[in-house]
Amino acid sequence: IAETKYGVQDYYDIEPDLPKHLMKIQPCPYDTDEFKNLPEKGIFRLLNNILMDTKVIMFLGRVHEIKGNDILIRGFAELLKKRNDVILAIVGGDDGHMDFCKQLSVDLGIEDKVKFTGFIGGEDKLKALVDADIVVQMSRYEQGAWAPIEGVLAGTPIVVSDHTGSGEDIRRLKAGYTAEFGNDQDLADKLDYVLNNYDDALRLTQTAAQLIDDKYSMNACINDITDIY
């Protein structure tokens, strides 16, 4: 079972002779129930001294090289050349790439605009997601768009790298925007576009969240998964 066509390719890279009838693409179901009652806005900002009128660009996940936070930081630095009302929040525990990312923000002269919160989970994670203006994932590799979809379910627009299974998910669900991986200017332009067209981005997000709840939630997909087994 693969989540996306990128996952299928992974399997064939390992076992090229795998019969096609033994391969099934089943998008990963999402636990939408935890997003039914979202916390009030403003708590994450208050705890992290972020003004309400500041735009929060957020990454949520482990800080590992594969997640591409260095790509995100470089794109964010380009965004700062366009506007100064933004801040980047890296929300996640260190998985070997935190020091590099912190030093990169210093090298680019934007360390005062980048916050590293460490791991946040449970209700606190939801507080972070609802306070973000955009959730971004510039991964080098992903089978699917798990963390970005959590952003969508929290009502927050998303931008992901275009070449991964995450990008495939977002295009299939029409759930957000993609940026060319490694193209700092394209990422900056996409972020700026979303912020400048935020009402449109919110409508896109809300429509996708309803679609996910209706067709791709655990409750909606459980029979399909049971049939496979």
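## A buried aspartate and its partner

Aspartate 70 is buried, its relative accessible area being 8%, where buried means under 20% relative accessible area, exposed over 50%, and partly exposed in between (1.4 Å probe, protein chains only). This is a predicted model, in which local features need pLDDT of at least 70 and side-chain atom pairs count only at pLDDT 80 or more, while totals for chains, interfaces and linings use all residues. Residues are numbered from 1 along each chain as its sequence is written, and side-chain values use heavy atoms, with hydrogens and water left out.

Aspartate 70 forms a salt bridge with arginine 140, the closest N and O atoms lying 2.7 Å apart; a salt bridge is a side-chain nitrogen of Lys or Arg within 4 Å of a carboxyl oxygen of Asp or Glu. The pair links distant parts of the chain, 70 residues apart, with aspartate 70 in helix α3 (residues 69-79) and arginine 140 in the loop between β4 (134-137) and α6. Helices (H or I, at least four residues) and strands (E, at least two) are DSSP runs, numbered from the N terminus. Arginine 140 is partly exposed, with a relative accessible area of 27%.

## Other salt bridges

The whole structure holds 14 salt bridges. Arginine 83 pairs with aspartate 85, with 2.8 Å between the closest N and O atoms, and Arg83, Asp85 and Asp192 are linked in a network of salt bridges. Within the pair, arginine 83 is buried at a relative accessible area of 15%, whereas aspartate 85 counts as partly exposed at 29% relative accessibility.

A further salt bridge joins aspartate 186 to lysine 190, the closest N and O atoms being 3.8 Å apart. Both residues lie in helix α8 (residues 184-196), four residues apart, about one turn of the helix, and lysine 190 counts as partly exposed because its relative accessibility is 25%.

## Pockets and cavity

The largest pocket has a volume of about 240 Å³. On a 1 Å grid over the protein atoms alone, a pocket is an open set of points with protein on both sides within 12 Å along at least five of seven lines, a cavity is a set of points where a 1.4 Å probe fits but cannot get out, and lining residues have an atom within 4 Å of a point. Grid points are joined across faces, edges and corners, and a volume is the space filled by probe spheres set on the points. Of the 18 residues that line the largest pocket, Leu60, Gly61, Arg62, Ala147 and Glu150 lie nearest its centre. Both β1 (55-60) and α6 (146-153) supply at least two residues of this lining, and α6 gives the most, with three.

One cavity of 30 Å³ or more is found in the whole structure. The largest cavity contains about 40 Å³ of space, and its lining is made by Tyr30, Asp31, Glu34, Phe35, Trp146, Ile149, Glu150 and Leu153.

Isoleucine 87, in strand β2 (residues 86-91), is buried with a relative accessible area of 10%. The C-alpha atoms of isoleucine 87 and lysine 115 are separated by 7.7 Å, although the two residues are 28 apart along the chain. Isoleucine 228, by contrast, lies in helix α10 (residues 218-228) and counts as partly exposed at 32% relative accessibility.
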